Amino acid sequence: RISLIDSKNVVEIIPEKEFFDQPLTNLNFRIIKSIRVVKGKGELIKIIERGQKFWLTVFDNLPELALIIDEEGIIVSCNKPFSSVFNKHPRELIGKKAKEIINFNFIHNFDTKNLPDYLEEEYDGKYFYITTTKFNFENRLNILLFFKDITEYKKIKEHLFQKDKYT
């Protein structure tokens, strides 16, 4: 068990298993670092850091390009495969308006109320199948976008279509 106290009272006693199961954010980490911990501060910080490292490792190793934007179209997060398309580190894109960086039609016509679950778009000579999922985090609407490169699939499909046309 990890006991956290503020200047007056015990705030919470959190078993490690329960704490690790909860979604962790940088905000939580900053709050916990600022609270005086009676017992297990080092353990608590290790648990938080492990959770953050695990999340970032998974996110950065997804086979698709991943982007999270808020309801105003501001980049909240992106994985390394996404940021590498723009020759940037993910930290360089966070906080920027997506439409200033990404030249996709749906970003320029961004409407959270009419956002489709999936769409196809062409960007820089490549075709992408994009899936969208809305979720709330800290009382804000966010949209998770996965971009799958389907350029080869489209080329093969077109080749087979042309072949069938001439047979």
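This is a predicted model: local features need pLDDT of at least 70, side-chain atom pairs count only at pLDDT 80 or more; totals for chains, interfaces and linings use all residues.
**The chain as a whole**

The protein chain has 167 residues, of which 35% are buried, and its secondary structure comes to eight helices and eight strands. If we take the contacts between residues at least 6 apart in sequence, 39% of them join residues that are at least 24 apart.

**Strand E4 and its partners**

Strand E4 covers residues 65-70, and it pairs with strand E5, residues 75-78, in the antiparallel sense over three bridges. On its pairing with strand E8, residues 140-149, the sense is again antiparallel, and here there are six bridges. Ile68, for its part, stands opposite Ser77 in E5. The hairpin of E4 and E5 has four residues between the strands, and within this hairpin Gly73 takes a positive phi near 85°.

Why can E4 be called largely enclosed by the rest of the structure? Six of the six residues of E4 are buried, and the strand is therefore largely enclosed. In a regular strand the side chains alternate between the two faces of the sheet. In E4, one side carries Leu65, Leu67 and Ile69 and the other carries Ala66, Ile68 and Asp70, and all of these residues are buried, so that both faces are covered.

**The nonpolar core and the cavity**

The largest nonpolar core has 23 residues, and those with the most contacts inside it are Leu67, Phe82, Ile102, Phe104, Phe106 and Phe147. At least two residues of this core come from each of E4, E5, helix H6 (98-101), helix H7 (105-108), strand E6 (118-123), strand E7 (126-137) and E8. Among the contributors, E8 gives the most, with four residues.

A search of the whole structure finds one cavity of 30 Å³ or more, and the largest cavity has a volume of about 50 Å³. Its lining is made up of Leu65, Phe82, Val85, Phe86, Phe104, Tyr123, Phe128 and Phe147. These lining residues divide into eight nonpolar, no polar and no charged.

Tyr129 is found in strand E7, and with a relative accessibility of 30% it counts as partly exposed. The C-alpha atoms of Tyr129 and Lys148 are separated by 5.1 Å, although the two residues are 19 residues apart along the chain. Not counting residues up to four places away in sequence, Tyr129 touches Tyr118, Leu119 and Glu120, together with Phe146, Phe147, Lys148 and Ile150.

Lys134 also belongs to strand E7. From C-alpha to C-alpha, Lys134 and Asp117 are 9.1 Å apart in space, and in sequence they are 17 residues apart. With residues up to four places away in sequence again not counted, Lys134 touches Thr112, Lys113, Leu115, Leu141, Asn142 and Ile143.

**The loop between E7 and E8**

Most residues other than glycine have a negative phi. In the loop between E7 and E8, where Glu138 is found, Glu138 has a positive phi of about 50° although it is not a glycine.

| Residue | Relative accessible area | Class |
|---|---|---|
| Lys134 | 40% | partly exposed |
| Glu138 | 49% | partly exposed |
| Asn139 | 80% | exposed |

The classes follow from the cut-offs, because a residue counts as exposed when its relative accessible area is over 50% and as buried when it is under 20%. Asn139, at 80%, is therefore exposed, whereas Glu138, at 49%, is partly exposed.

Conventions. Residues are numbered from 1 along each chain as its sequence is written. Side-chain values use heavy atoms; hydrogens and water are left out. Two strands pair if DSSP finds at least two bridges between them. Buried means under 20% relative accessible area, exposed over 50%, partly exposed in between (1.4 Å probe, protein chains only). A nonpolar core is a set of buried Ala, Val, Leu, Ile, Met, Phe, Trp, Tyr and Cys residues joined through side-chain atoms within 4.5 Å. Contact means heavy atoms within 4.5 Å. On a 1 Å grid over the protein atoms alone, a cavity is a set of points where a 1.4 Å probe fits but cannot get out, and a pocket is an open set with protein on both sides within 12 Å along at least five of seven lines; lining residues have an atom within 4 Å of a point. Grid points are joined across faces, edges and corners, and a volume is the space filled by probe spheres set on the points. Ala, Val, Leu, Ile, Met, Phe, Trp, Tyr, Cys and Pro count as nonpolar, Asp, Glu, Lys and Arg as charged, and the others, Gly among them, as polar.
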